[in-house]
Amino acid sequence: MTTQMPPPAAAATPDVAEVSRRATEVLDRVEQAVVGKREALTLVLTAVLARGHVLLEDFPGLGKTLAARSFAQTLGLDFTRAQFTPDLLPSDLTGSFVFDQRRGEFVFRPGPLFTGLLLADEINRTPPKTQSALLEAMQEHQVTVEGQTFPLPQPFHVLATANPVEYEGTYPLPEAQLDRFLMRVSFGYPTAEEEWDVLRRRVARQQEDQHLTAVTDAEGLAAMQRAVETVPVEDDISRYCVELAAATRRHRAALIGASPRGSLALMLTARAYAVIAGRDYVTPEDVKAVAHAVLDHRISIKPELWMSDTGGAAVVEAALGQVPVPGARTGASTVAVD
């Protein structure tokens, strides 16, 4: 009689305190490479724990690529980098069938999408057809090549970079595609002290490359994501997310406001942000902390205001100031916020 072995059990789901501890350790190690950007790095990790993808839009040389590689190392994920160029084809990302002479048949050769964390470098330099191939994989977690569907490994995350200062020869992502990114994050220039610290660390390191030790692995990250899913969100917090998204649609400067996908993203990222902070409940301050990263890029401004200072950030700031804030939580008690 043959005894069937049970399938291997998934990693046990950790509690919120353990997820917070691991997240803090991940951020501490990433900050060894990316100096002085703790809040921006926290937002990136928040999107990852919420099972989303991030658009890193900033000037050259501010650590976007370094941050992506550092997160891959500390999270124990397979890492690939795809340099997006005007001649990049969809098959260069998804993979294609090639003829194996030894076997006398066509076999599928996976592309760089089959990884744990993909750095889509300068996504706005490739034509829309290739951009769409990437964004479809982000949304559906699979690719289809010549009628055959291939699931992507899980967890699967994309950190895409875009350069906001060079427009010649680029293909800016349309609003409908920007909406697929859970967050858009910018690092900004460092302070003089932080920039000096970058130089000091480089001299002390005596080499260009940096290697960070892993805090977890793909299975552990999946368990952390499952733990985030167990955290409840009270009705007044989720309604607050809905009202913020709706307020962006009513703003006089907005041509298109945040969609329901925006309010959902706001709730999911606020929950992950709270877990990183070590809480098993979500406060309005968590929603406010992620609001700009989640909503700014989902808003289109009326054409007559393109030359003004009005942008998505101004619309979101106005919404944050206008929408009544629900009672803030302090654990056991609830305190009203003016």
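Helices (H or I, at least four residues) and strands (E, at least two) are runs assigned by DSSP and numbered from the N terminus. With that convention stated, I turn to the structure before us.

This is a predicted model, in which local features need pLDDT of at least 70 and side-chain atom pairs count only at pLDDT 80 or more, while totals for chains, interfaces and linings use all residues. Residues are numbered from 1 along each chain as its sequence is written, and side-chain values use heavy atoms, with hydrogens and water left out.

Let me begin with the whole protein. There are 12 helices and 13 strands. The radius of gyration is 21 Å, close to the 20 Å that the globule rule gives for 338 residues, so the protein is as compact as a globular protein of that length. Here the radius is taken over C-alpha atoms, and the rule is 2.2 Å times the number of residues to the power 0.38. Along the principal axes, the C-alpha atoms fill a box of roughly 75 × 60 × 50 Å.

Of the 338 residues, 47% are buried. Buried means under 20% relative accessible area, exposed means over 50%, and partly exposed lies in between (1.4 Å probe, protein chains only). The protein exposes about 17,100 Å², of which carbon and sulfur atoms supply 53%; these areas come from the Shrake-Rupley method with a 1.4 Å probe, and for residues only the protein chains shown count as cover. A contact means heavy atoms within 4.5 Å. Among contacts with a separation of 6 or more, 77% are between residues 24 or more positions apart.

I now come to helix H5, residues 128–140. Its 13 residues reach 18 Å from the first C-alpha to the last, close to the 18 Å expected at 1.5 Å a residue; the expected span is 1.5 Å times one less than the number of residues. Which residues of H5 are buried? They are Thr-130, Gln-131, Ala-133, Leu-134, Leu-135, Ala-137 and Met-138. The buried residues of H5 pack against several elements, including helix H4 (90–94), strand S5 (117–121) and strand S8 (157–162).

After H5 comes His-141, whose phi is positive, near 60 degrees. His-141 is not a glycine, and it lies in the loop between H5 and S6. With a relative accessible area of 29%, His-141 is partly exposed. Arg-51 also has a positive phi, of about 65 degrees, although it is not a glycine. Its place is the loop between helix H2 (38–49) and strand S1 (54–57), and at 41% relative accessibility Arg-51 counts as partly exposed. Another loop, between strand S7 (148–151) and S8, holds Pro-155. A cis peptide bond joins Gln-154 to Pro-155, with omega about -5 degrees.

Next, two residues of helix H11. Asp-286 lies in this helix, residues 284–295. Is Asp-286 buried or exposed? It is buried, with a relative accessible area of 2%. A polar atom of its side chain lies 2.9 Å from the backbone nitrogen of Thr-283. Beyond its neighbours within four places in sequence, Asp-286 is in contact with Ala-270, Tyr-273, Ala-274, Arg-279 and Tyr-281. Leu-295 is also in H11, and it is buried at 1% relative accessible area. Not counting residues up to four places away in sequence, Leu-295 touches Ala-258, Gly-262, Leu-266 and Val-316. Between Leu-295 and Arg-261 there are 34 residues in sequence, and their C-alpha atoms are 9.9 Å apart in space.

Finally, I consider charged pairs. Side chains of opposite charge can pair when their charged atoms come close. A salt bridge is a side-chain nitrogen of Lys or Arg within 4 Å of a carboxyl oxygen of Asp or Glu. How many salt bridges does a search of the whole structure find? It finds 17.

One of them joins Glu-18 and Arg-22, with the closest N and O atoms 3.0 Å apart. Because Glu-18 and Arg-22 are four residues apart in helix H1 (residues 16–33), about one helical turn separates them. Arg-22 is buried at 17% relative accessibility, whereas Glu-18 is partly exposed at 22%.

A salt bridge also joins the side chains of Asp-28 and Arg-38 (2.7 Å, N to O). This pair links distant parts of the chain, with Asp-28 in helix H1 and Arg-38 in helix H2, 10 residues apart.

Technical notes: A polar contact is a pair of N or O atoms within 3.5 Å; within protein, one must be able to donate a hydrogen and the other to accept it, and residues adjacent in sequence count only if both atoms are side-chain atoms.
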